[in-house]
Amino acid sequence: MDIILKLEDICKSFPGVKALDHMQIELARGEMHAVCGENGAGKSTLMKVITGVYKADSGNMYLNGEKVTIREPNDAYAKGIAIIFQETSLFKDLTVLENIFMGHEPVKKVFGVIPNIDYRAMKEKAQQIFEFLGIDKEISFDAKVDDLGVAAKQMVEIAKALTYDANILIFDEPTAALTSKDVRALFQTIARLKESGISMMYISHRMEEIFEIADRVTVIRDGSFVRTAAIGEVTEKELIAWMVGREMNEMYPKAEVEIGKPILEVKNLCKDGLLRNISFEVRQGEIFGVAGLAGAGRTEMAECLSGLMQRDSGDVEFYGSPLNVKAYREAVDAGFVYISEDRKKYGLSVPMTIKENLTMSILYKISKNGFIDFKEEENIVDDYMQKLRVKAPNREFVVENLSGGNQQKVLVAKALCAKPRLLILDEPTRGVDVGAKSEIHRIISNLAKEGLSIIMISSDMPELLGMSDRLMVIKAGTKVGELTREEFSQEKVLEMAL
Amino acid sequence: MKTQKNPITAFFTSREGYLAIFVAILFVVLYFTTNLSGSMYIFLRDLAYLIAGGLALMMVIMLGEIDISSGTVLGLIGFVTGTTLKMGIPIPAVLLIAVCVGMLNSAIIAFVTVRFRVPSMIVSLAMVKLHVGVFPLLPDAGWVSNIPSSISDVGGARLFGVFPVILLFALVLLIFFCWFMKYTRFGRKVYAVGGNKESAKLAGINADKVTFLTFLTSGALLGVTAMMYWLPKTQVIPSGTIGMEMYFLPIAVVGGVSIMGGTGRPIGILVAGILIAMLQRACLLFGLGNQYVYLSYGLIVLIAVYATVSDIKIFKGKKTVGGAS
């Protein structure tokens with residue numbers, strides 16, 4: 001096999017996380033190579049290392065058999081490697097033509113000295129590329145990128161990659177935001193690129209896509225290489241097994257809880273373009289898991305329920321009465337508390353102290369005539385810090401300086417201060433180390449034992465399976481199914497979610 | 001669906017075009033209801049420095065940055081140029097000195113902004129206070145009086161009895177920047193960095209370098225602005241420039257430069273510059289005080305900002321091309 005690009009022993013760490021651990025991958029000339037793995041397995045990091053956005057801590061990269069180092073995006077472009085990003089990286093205020101040549105416009109010298117951008121050469125080259133991609137009739141060079149649809153933006157991204165005369169193209173989940181019709185058009189373009197001898201890497205979650213267009217597939221798990229296989233020699237089941245491949249351990253202390261009667265009933269929850277007809281119920285003391293890929297609509301569902309986003313239609317009944325909240329404040333007053341997946345953005349005010357963060361949402365309860373009752377505030381704070389075992393020198397400690405796990409505990413404590421009857425946890429252990437993870441699981445388990453109902457949204461499959469009593473799987477805004485604890489298996493959930 | 005618009009239609013259906021039509025109507029109304037023709041020369045002379053200053057602010061605002069010291073720095077430059085002119089140094093050399101002082105001021109702002117990640121708003125605000133604090137410490141509080149009329153006559157030179165020569169320079173500058181922003185890689189990079197810094201980095205653009213160089217360009221323009229402002233005058237009073245950034249800022253914003261960065265065209269500066277210069281004149285000609293000048297500026301900026309952030313149909317024809325949105 002004629003190998004065009006080869007990576008060996010690539011390691012890359014971020015503070016507290018090992019994103020890539022001795023990862024390897026090889027790309028044959030003219031092949032379509034799929035890269036798959038779970039959420040957070042390190043796929044995107046690997047692609048960013050290849051394209052020079054991140055610099056690998058160690059490891060070697062060979063292009064056409066020669067060792068190369070890529071320090072920054074320009075190096076990658078110069079060597080003919082280009083990437084089509086997941087979120088398009090276009091400049092929305094500029095035109096299509098200006099976008100695709102940004103930073104490497106063809107220049108013609110006027111009077112032999114003054115460098116002048118050669119718009120005519122740009123148009124000629126763009127015309128060739130657009131004709132090749134078959135989009136010359138659909139997209140005008142002078143259209144503002146902001147006015148283009150998602151699919152058209154993606155085509156512009158591909159055209160941009162081709163302006164660098166790239167012979168290696170990397171697609172980072174290109175179909176995530178496309179409709180099925182646009183996906184077909186994209187696949188036709190990809191076929192055309194392949195015919196012209198361009199080698200491609202393709203990151204995707206979607207199994208059917210991988211089996212349709214890829215020649216080989218490499219599986220990555222927890223930043224490490226699992227294996228590479230030709231697509232004809234592997235089944236979907238095998239691929240999923242390689243992606244999961246972990247064992248359950250003592251991470252999930254699940255307490256036996258008497259589960260009561262239903263307290264939350266959701267019927268036909270709809271939100272235009274995001275959610276379609278989602279129905280489920282949650283019982284007293286139950287941990288109700290919500291599984292699905294990133295972008296499937298899990299967070300949006302939680303936001304629609306808690307009033308952070310207005311739903312289009314659907315009935316929500318909470319403790320026997322309808323819950324129609326216009327603002328999150330009303331949801332909190334009803335005992336319906338949501339903990340965001342993005343701790344630093346929507347959860348905590350990190351430059352403030354633990355005490356200030358904890359009582360932020362209940363200040364009206366602990367103050368008289370506008371003055372805060374400090375004695376009561378301190379009692380509450382001490383109480384919850386002890387209960388959740390927040391490891392901090394004192395209650396006046398600034399949250400920013402706590403570890404991820406302790407920050408998460410503060411966030412949970414803040415939610416508990418509001419005396420919830422139902423708690424929605426969105427990715428409760430994201431960015432938390434293993435030790436803190438099991439501690440947070442213990443807290444969740446204890447809360448359920450005390451009769452609190454919990455909806456847990458998570459991308460961490462073992463966590464979901466280990467902690468939930470029941471599980472709902474969401475795919476592209478619709479509910480695919482529900483599993484009881486007896487029916488749980490990672491393979492089953494992944495199969496439903498993909 | 002490829003449509004090649006005629007450049008003239010394209011202009012008059014753009015934001016700058018609508019503004020130009022409005023400005024033209026206002027001009028005609030003023031011309032026939034007041035004695036605008038009598039003060040035409042002053043109107044055109046003021047337009048010169050407003051265009052140069054507007055361009056200077058356009059550059060930094062396009063990056064998503066700001067330079068509040070663009071008013072008071074003119075006072076500082078004025079002191080330097082006034083003094084050197086009185087010493088008999090030829091005008092081209094003084095212009096060079098003015099450009100250098102302007103660049104130095106902007107270089108300080110850019111360095112602190114880029115190196116220490118301090119917002120340029122804060123840095124330039126500090127510079128304003130430094131300038132205002134320095135004025136009284138200068139000899140004669142920075143006042144330079146009795147500049148020979150042989151020099152101020154050069155600044156006041158006119159063609160055909162009414163057209164100021166410095167406006168000619170301003171227009172040359174404007175044309176240069178129209179070319180510069182569209183036909184040089186550097187010009188495109190300014191749009192890129194202002195539009196989306198992260199994407200610019202992914203496109204292999206050194207955002208910090210672009211920021212620094214753009215500030216330098218803006219500083220050089222402020223040097224030219226100061227020359228255009230002071231050269232026709234026989235006296236330099238630095239403290240008179242306090243608040244002058246509030247002429248340039250509206251010009252940039254009204255001219256279509258988004259305060260978030262990434263958009264704007266030099267041609268908008270011309271149109272907005274005429275508008276601001278005309279409002280100044282109009283309030284004087286109608287016998288209204290300075291308070292009305294400021295009131296009208298305030299209202300115009302509010303309208304301009306609203307037009308930028310909202311989807312007013314007339315300014316922003318939304319259409320989707322090719323595929324779902």
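Visitor: Is A:Glu31 buried or exposed?
Guide: The model is a predicted one, and the answer rests on its computed accessibility. Since buried means under 20% relative accessible area, and A:Glu31 has a relative accessible area of 6%, A:Glu31 counts as buried.

Visitor: Which side chain meets A:Glu31 in a salt bridge?
Guide: A:Glu31 sits in the loop between strand S2 (17–28) and strand S3 (32–36) of chain A, and its partner lies in strand S11 (residues 216–221), 185 residues apart from it, so that the pair links distant parts of the chain. The N to O distance is 2.9 Å, and the side chain in question is that of A:Arg216.

Visitor: How many residues apart in sequence are the parts that A:Asp215 and A:Lys194 tie together?
Guide: The side chains of A:Asp215 and A:Lys194 meet in a salt bridge with an N to O distance of 3.0 Å. A:Asp215 is partly exposed at a relative accessible area of 28%, and A:Lys194 is partly exposed at 27%. Because A:Asp215 lies in the loop between helix H7 (207–213) and S11 of chain A, while A:Lys194 belongs to helix H6 (residues 180–195), the parts tied together are apart in sequence by 21 residues.

Visitor: How far apart are the closest N and O atoms of A:Asp373 and A:Lys368?
Guide: A:Asp373 is partly exposed, with a relative accessible area of 24%, whereas A:Lys368 is exposed, at 58%. A salt bridge requires the nitrogen to be within 4 Å of the carboxyl oxygen, and this pair forms one with its closest N and O atoms at a distance of 3.8 Å.

Visitor: What radius of gyration does chain A have, and how does it stand against a compact globule?
Guide: Chain A has 17 helices and 24 strands, and its C-alpha trace spans about 80 × 55 × 45 Å along the principal axes. Of its 498 residues, 54% count as buried, and among contacts with a separation of 6 or more, 66% are between residues 24 or more positions apart. A compact globule with 498 residues would have a radius of gyration near 23 Å, and the value for chain A agrees with this, being 26 Å.

Visitor: How much area do chain B and chain A bury between them?
Guide: The contact takes 34 residues from chain B and 40 residues from chain A. Carbon and sulfur atoms carry 53% of the buried area, and the area itself is about 2900 Å².

Visitor: Which residue of chain B forms a salt bridge with A:Glu105?
Guide: Across the interface of chain B and chain A there are two salt bridges by the rule, and eight residue pairs are in polar contact, both residues being at pLDDT 80 or more. In the salt bridge of A:Glu105 the closest N and O atoms are 3.9 Å apart, and the partner is B:Arg185.

Visitor: Which element gives the largest share of the side of chain B that touches chain A?
Guide: The elements that give two or more residues to this side are helix H8 (165–183), helix H9 (185–195) and helix H10 (197–202) of chain B. By class, the side has 11 nonpolar, 14 polar and nine charged residues. The largest share, five residues, comes from H9(B).

Visitor: What is phi of A:Lys419?
Guide: A:Lys419 has its place in the loop between helix H14 (404–417) and strand S21 (422–426) of chain A, and is exposed, with a relative accessible area of 57%. Its phi is positive, in a residue other than glycine, and lies near 50°.

Note on methods: Residues are numbered from 1 along each chain as its sequence is written. Chains are lettered from A and ligands numbered from 1 in the order in which they are written. This is a predicted model: local features need pLDDT of at least 70, side-chain atom pairs count only at pLDDT 80 or more; totals for chains, interfaces and linings use all residues. Side-chain values use heavy atoms; hydrogens and water are left out. Contact means heavy atoms within 4.5 Å. Buried area is the accessible area (1.4 Å probe) that two parts lose on being put together, summed over both. A polar contact is a pair of N or O atoms within 3.5 Å; within protein, one must be able to donate a hydrogen and the other to accept it, and residues adjacent in sequence count only if both atoms are side-chain atoms. Helices (H or I, at least four residues) and strands (E, at least two) are DSSP runs, numbered from the N terminus. Ala, Val, Leu, Ile, Met, Phe, Trp, Tyr, Cys and Pro count as nonpolar, Asp, Glu, Lys and Arg as charged, and the others, Gly among them, as polar. The radius of gyration is taken over C-alpha atoms; the globule rule is 2.2 Å times the number of residues to the power 0.38. Buried means under 20% relative accessible area, exposed over 50%, partly exposed in between (1.4 Å probe, protein chains only).
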